Amino acid sequence: MKRMLYVYFGHHKCASTWIHEIIGQVCREAGLQKRLLVDPLTPHAHGPLTDYRRWDIQREELGAYLTRAQVDFACCITADRAHVEGLADVPFRGFHVIRDPRDIIVSAYFSHRNSHPTEGLPHLAEHRRRLQAVSKEEGLLLEMDFSAQELRDIGEWPYGHPDIRELKMEELIARPYDGFLQIFEFLGLMDWEGDYPARRRVANFVRRMLNRLSFRHPLLRRLRRPIPITGEMLLGRVWDHRFEKKARRRKGEEDPRSHYRKGQPGDWRNHFTEEHVAAFKEKFPGLVEKLGYSWDSSIVPSLT
């Protein structure tokens, strides 16, 4: 019987760093082999994937590559539908996180202009030079063109796949503890047995620490043993990565040069003019509505 693969499908500027870091810590304690996969050309274009061990992974061979590498949990943080097609021959369960595409444009504008690393990314370095040479109003229009491929990928995603749970970033950051419990329950990774006697709790803690060490020191790899993921283990890591700790300020307090710039949904209303609204609708017709959002500011997006 083939081993089950667990997959996080994310997108640029959709809290992918936050989600990936939480998964990484949980996997280390649970003894699961995690691998990060990135398309360096995102959000501008498509190219081969890399996991920073190999730089030319083709989407159609994704499942075979992850199987050979004995990966338990893959984090595809620049996903498109070809990722799913590349896993057709591999048993997997996953979750997919999207965001209001208008907020993606605003977040990407500030990140690409001020804070996102550009080393090894000449297309992004050139884009930054253009953004820094124009006003914010013109820069947002440039960002719509630069990030167009990502927004098309989100619009063309295979929604309704039985083995992929769909979530909005907005609901996940609003209720992160409930959200991550639901994700890991859907993946089939949660241990719901309840309270354990003290001896077993101590044994689980020791095993978690040994698993951590096994990832830090290759010579200790033989110590690694997969263990069930408990609520204590998962929610502790969510707490470790809360916005206030990462950004060192409260949600809603903005720092334009920080990777964790603001932490609140609906920020596009503070930056889009009528020209931006018209341009967005022309470039991405029907996308807002297809993803379950609205142009009516009085309507709160459905989070179910």
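This is a predicted model: local features need pLDDT of at least 70, side-chain atom pairs count only at pLDDT 80 or more; totals for chains, interfaces and linings use all residues.
Five strands form an open sheet in the order β2-β3-β1-β4-β5, with parallel pairing. Because β2 (34-37) and β5 (164-168) stand at the edges and have a single partner strand each, one side of each is left without a neighbour in the sheet. From one strand to the next the twist averages 15°. The parallel strands β1 and β3 are joined by four bridges, and valine 7 stands opposite alanine 74 in β3. Helix α1 packs on this sheet, where it touches β1, β2, β3 and β4, and its direction makes about 160° with that of β2. Helix α9, for its part, lies across β1, β3, β4 and β5 and runs at about 150° to β4.

**The nonpolar cores**

The largest nonpolar core has 35 residues, and those with the most contacts inside it are Tyr8, Ile19, Phe73, Phe95, Phe180, Phe184 and Ile229. At least two residues of this core come from each of β1 (5-9), α1 (16-30), β3, β4 (92-98), α8 (169-174), α9 and α11 (231-240), and α1 gives the most, with seven residues. Leaving aside residues up to four places away in sequence, phenylalanine 95 touches Val7, Tyr8, Phe9, Ile19, Ile23, Phe73, Ile164, Arg165, Leu167, Ile183 and Leu187. Another core, of 24 residues, lies apart from the largest one and has Phe110, Ala148, Leu151 and Ala279 among its members.

**Aromatic pairs and charges over rings**

The count of aromatic pairs comes to 13, and two of these pairs are set out below.

| Pair | Centre to centre | Angle between planes | Class |
|---|---|---|---|
| Tyrosine 52 and tryptophan 55 | 5.4 Å | 85° | edge-to-face |
| Phenylalanine 73 and phenylalanine 184 | 6.3 Å | 40° | tilted |

The pair of tyrosine 52 and tryptophan 55 is edge-to-face because its planes stand at 85°, a class that requires over 60 degrees. Tryptophan 55 is exposed, with a relative accessible area of 53%, whereas phenylalanine 73 and phenylalanine 184 are buried. Since phenylalanine 73 lies in strand β3 (residues 73-76) and phenylalanine 184 in helix α9 (residues 176-187), their pair ties together parts that are 111 residues apart in sequence.

Elsewhere, ring pairs link Trp268, Phe272, Phe280, Phe284 and Trp295 into a cluster. Charged side chains also meet rings: the charged end of lysine 168 sits over the ring of tyrosine 293, 5.2 Å from its centre, while arginine 242 lies over the face of tryptophan 239, at 3.7 Å from the ring centre.

Technical notes. Residues are numbered from 1 along each chain as its sequence is written. Side-chain values use heavy atoms; hydrogens and water are left out. Rings of Phe, Tyr and Trp (its six-membered ring) pair if their centres lie within 6.5 Å; planes under 30 degrees apart count as stacked, over 60 as edge-to-face and the rest as tilted. Buried means under 20% relative accessible area, exposed over 50%, partly exposed in between (1.4 Å probe, protein chains only). A charge sits over a ring if NZ of Lys or CZ of Arg is within 6 Å of the ring centre and within 35 degrees of the ring normal. A nonpolar core is a set of buried Ala, Val, Leu, Ile, Met, Phe, Trp, Tyr and Cys residues joined through side-chain atoms within 4.5 Å. Contact means heavy atoms within 4.5 Å. Two strands pair if DSSP finds at least two bridges between them. Axes are lines fitted to C-alpha atoms, for helices over the stretch in contact, and angles run from 0 to 180 degrees between N-to-C directions.
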